[in-house]
Amino acid sequence: MSLKAISSKDAAALDKDLMDIGGFSLDQLMELAGLSVSQAVYRFHPLTKGKRVLVVCGPGNNGGDGLVAARHLAHYGYAPSIYYPKQGKNELYERLKIQLQNLQVPFVPDFTAALQSTDLIVDAIFGFSFQKPLREPFPSIIRQLEETKIPVLSVDAPSSWDIQEGPPKAGGEEPGATFMPAALISLTAPKPCVKWYKGRHFVGGRFLTKEIADKYDLDLPEYSGIDQIVEVGVNADEKL
Ligand SMILES: NC(=O)C1=CN([C@@H]2O[C@H](COP(=O)(O)OP(=O)(O)OC[C@H]3O[C@@H](n4cnc5c(N)ncnc54)[C@H](OP(=O)(O)O)[C@@H]3O)[C@@H](O)[C@H]2O)[C@H](O)CC1
Ligand SMILES: [K+]
C-alpha cells in the first residue's frame, strides 16, 4: 500500500485545523498518537522478543508521543524506561511524567548505559518540526542510534533526517547519514522523507475525518477492526 505524503508545513497546519476547527485538544491528539505508537511496538516487537523498551524523548510533541506510548507499554506488560535529556516546558509533559512515575517507569540519566540493557529503542526525539543542524545534546545520541545493533522504532520520522530532504549527506558533519531504523510509524500520513526509508512502515493516528483528509489531499488508511495502526509499504508517493 502506498500513501500520499504530507509536507512538514502542511502537517503543522493540519494539527492546527484538528484543534481549531476539529474540536480536538492537544492532549487527545497526543494520546491517540502515543496509543498508535504503542500498538506499532506491540506489532513489531511482541513481548516474547523481550520486554525492555528504552523510549528516547525529545523536547517537543514527538517526545510527548513517546511518553504516552511508554505508559501504554507499561500497562501491556513491557518494562519501559525513559531517556529524556532535554525536557519540554509545557505542563502537559509534566502531567505525562507524573503518570509514568506513578507506574514506577524509570527516567534514566545515562543513555550509553541504558543502551546496554534494552531489547528495543523507541526514537521519539524529533518529528515534523525538526530543523537541521542538530544541536546539543543530540549529536552523540544520534551517533549511538546509528551504531547500535538494537532495533529502533522511530516515531513520525527518523530523528536527524530532514523532513523534506531525508537523511544527512554521507561523509558530511551531520550525524544520522546511516541511521536507518528497523521500523517507522508515520502519524496521520507519511512525511516526504519516507522516500529514503527502508524497513517496516506503519501509519497511525486514527482521528482524521474525510473532510480534513480531502483538504490536505491525503489517503485515509484502511484500519481494521479496533486497530490504531496499519502496516504499509516502505515508500510514499513522490508527489512532493
Ligand atoms: N497529527 C498528528 O499526527 C500529531 C502528531 N504529534 C506529534 O507531534 C510532532 C511534532 O511536534 P512538535 O512539537 O511540533 O515538534 P517536534 O517534536 O518535531 O520537535 C520540536 C522540538 O525539537 C527541538 N528541535 C528542533 N530541531 C532541533 C535541532 N536541530 N536540534 C535540537 N533540537 C531541535 C525544538 O527545539 P527549539 O529550541 O527549536 O524549540 C523543539 O523543542 C509530530 O511529529 C508527531 O510526533 C502530536 O502528538 C499531535 C498529533
Ligand atoms: K522521531
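A residue is called buried if 20 or more other C-beta atoms, placed from the backbone, lie within 10 Å of its own, exposed if 12 or fewer do, and partly exposed in between. By that count serine 159, with 25 C-beta neighbours inside 10 Å, is buried. This is a predicted model, in which local features need pLDDT of at least 70 and side-chain atom pairs count only at pLDDT 80 or more, while totals for chains, interfaces and linings use all residues. Residues are numbered from 1 along each chain as its sequence is written, and chains are lettered from A and ligands numbered from 1 in the order in which they are written.

**Annotated positions**

- The unreviewed UniProt entry gives the annotation "binding site" to Asn62, Asp123 and Ser159, in the numbering used here, with feature names shortened and with the caveat that annotations may be inferred rather than shown by experiment.
- These residues span 98 residues in sequence, yet no two of their C-alpha atoms are more than 9.8 Å apart, so they gather at one spot.
- Asparagine 62 belongs to helix α3 (residues 61-76), helices being DSSP runs of H or I with at least four residues and strands runs of E with at least two, numbered from the N terminus.
- Asparagine 62 is buried, having 27 other C-beta atoms within 10 Å, and, not counting residues up to four places away in sequence, its contacts (C-beta atoms, placed from the backbone, within 7 Å) include Ala124, Ile125 and Asp156.
- Serine 159 sits in the loop between β4 (152-155) and β5 (183-187), and, with residues up to four places away in sequence left out, it touches Asp123, among others.

**Sheet and helix**

- An open sheet of 7 strands has the order β2-β1-β3-β4-β5-β6-β7 with mixed pairing, where two strands pair if DSSP finds at least two bridges between them.
- The edge strands, β2 (79-83) and β7 (229-232), each pair on one side only.
- Strands β4 and β5 run parallel and are joined by 3 bridges; leucine 153 has alanine 183 in β5 as its bridge partner.
- Helix α2 (residues 26-44) lies across β1 (52-57), β3, β4, β5, β6 (200-204) and β7, and runs at about 150° to β6, with axes fitted to C-alpha atoms, for helices over the stretch in contact, and angles from 0 to 180 degrees between N-to-C directions.

**Aspartate 119**

- Aspartate 119 lies in the loop between α5 (111-115) and β3 (120-124), and is partly exposed, with 16 other C-beta atoms within 10 Å.
- Leaving aside neighbours within four places in sequence, aspartate 119 is in contact with Lys49, Gly50, Lys51, Arg52 and Val53.

Methods:
Contact = placed C-beta atoms within 7 Å.
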